[in-house]
Amino acid sequence: MNAPTPESARFPATTPGSQKPPVEPDDLRHRQLREDEFWRRIPAYAHLDRTQFDDHRFQSRNCVTSISKLREVVGELVTEEFCRDAERGLQRATMSLRITPYILSLIDWDEPEDDPLRIQFLPLYSRFQPDHPELTLDSLNEQADSPVPGLTHRYLDRALFLALDTCPVYCRYCTRSYSVGLDTENVEKVHFGVRTERWADVFAYVASRPELEDIVISGGDLYNLKAEHIEHIGSALLAIDHIRRLRFATKGPAVMPQKLFTDDPWVDALTGVAERAREQGKEAFVHTHFNHPREITATTQKALARLADRGIRVRNQAVLQRGVNDRAEIMKLLVRRLGFVNVQPYYVFLHDMVKGVEELRTTLQAAIELEKEVRGVTAGFNMPTFVVDTMGGGGKRHIHSYEYYDRETGIAVYRSPAVRPEQLFPFFDPIHLLSESGQRRWLDPSKRAEMIEAALAQVTHGVGDWNR
Ligand SMILES: *Cc1c(COP(=O)(O)O)cnc(C)c1O
Ligand code: SF4
């Protein structure tokens, strides 16, 4: 028997490749949160100190809701040409304009055309791509799955409650453009106002369905509800025995973090609901919506620390958008920065088939590649699941779980056994990102239905070599 190997021989410090090289500063970029007074670059905010700017009342009263207001606020920072482009873009949009001073100040006005924050909120006519021919306004079929107005009951054990139809900002890509925000030149919306009588019908339905355990309270956006409304909804739902989990969905932390440290009644109301849930052995979470690492600043960290202090945990649902977060480097930074500020990345949605924002969508293939790059960059529980919310109400599917995907035509087909087992759900890549021959195949409208039928038939009959 040999003598035991000394420690130094078993782990020789000199073995090539046995040690990780020192970390590059860039690998820790997710911890570097912006803490300067970044808003002072904007002419209209140049005179504001931190206390004035970091106040939710200032933020909501000074949202930019028109191009003339934008001109007034950013002044010389934008060209006349840019404003005209945006004006024409808005005329075509399905969502009205609303940007908080916080987000507006984080846009890089030296290059607004390609800025990932500008892209999400302010349309430019010059960037428009024609809508995909298979696209509808309520692509997720939420209204067809609604037993009472403003409640979508699609999955067995959970439902989506649209409590209101306004938000602190309006996102161009909003999947609920059939309802959310003001009517635009292009869309007259189905409105879900803050009406406690309508809510009572929702609560009665939820109480009548013992299989429901989980309610997503969304809209619109809960940031726009008063404290007493949060309290009202929370206690009504928690009073129902079979309800075990509440999720309060709000984009607020991403676009107006200030509210979480300057609107005490609102935070207290949310805390009260979360505490009551805990006492009953139930849970209440906040689900928020950051899309780009630049949206997360030291202000965000301070705001989220307040929620953490109150024992409220936060998850994130991001929307994959071309030019915003479709590069691996950006998505990795987003995921790690979210983790750093105690937000758990939950989903990344492949962009829904929404009208008027075709240039923001990307291909399923791009999403698959991106997922591959991102997985492994941080702890598994902080790795978002990349999903596609199928058109026609099949619900969310893991992007990788398609039954069929033809990269030439950009047609993918999913099944959803737990939701609508007998149905197939097609998904379509944006046509302008297909190969030239793929694009040509969509040119002739009479051939389109045939092409889709053929794709569905491949799945039904399992014929051919379809995974191209
Ligand atoms: C997303 C969604 C839910 C919640 O689904 P999870 O996968 O549990 O996050 C519930 N109802 C509807 C209609 C939804 O779109
Ligand atoms: S905050 Fe949410 S609901 Fe409101 S416009 Fe944006 S994506 Fe739509």
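Visitor: What separates the centres of domain 1 and domain 3?
Guide: Domain bounds come from an automatic or database domain assignment. Here they give domain 1 (38–127), domain 2 (143–392) and domain 3 (402–468). Taken over C-alpha atoms, the centres of domain 1 and domain 3 are 39 Å apart. This is a predicted model, where local features need pLDDT of at least 70, side-chain atom pairs count only at pLDDT 80 or more, and totals for chains, interfaces and linings use all residues. Side-chain values use heavy atoms, without hydrogens and water, residues are numbered from 1 along each chain as its sequence is written, and chains are lettered from A and ligands numbered from 1 in the order in which they are written.

Visitor: How many aromatic pairs does the whole structure have?
Guide: Rings of Phe, Tyr and Trp (its six-membered ring) pair if their centres lie within 6.5 Å; planes under 30 degrees apart are stacked, over 60 edge-to-face, the rest tilted. The search finds 16 aromatic pairs. Tyr45 and Phe53 have ring centres 5.8 Å apart and planes at 55 degrees, so this pair is tilted. Phe53 also forms a tilted pair with Phe58, at 5.9 Å centre to centre and 50 degrees between the planes.

Visitor: Is Phe53 buried or exposed?
Guide: Buried means under 20% relative accessible area, exposed over 50%, partly exposed in between (1.4 Å probe, protein chains only). Phe53, at 0%, counts as buried, and Tyr45 is buried at 3%.

Visitor: Which residues form the aromatic cluster?
Guide: Phe38, Trp39, Tyr45, Phe53, Phe58 and Tyr102 form one cluster.
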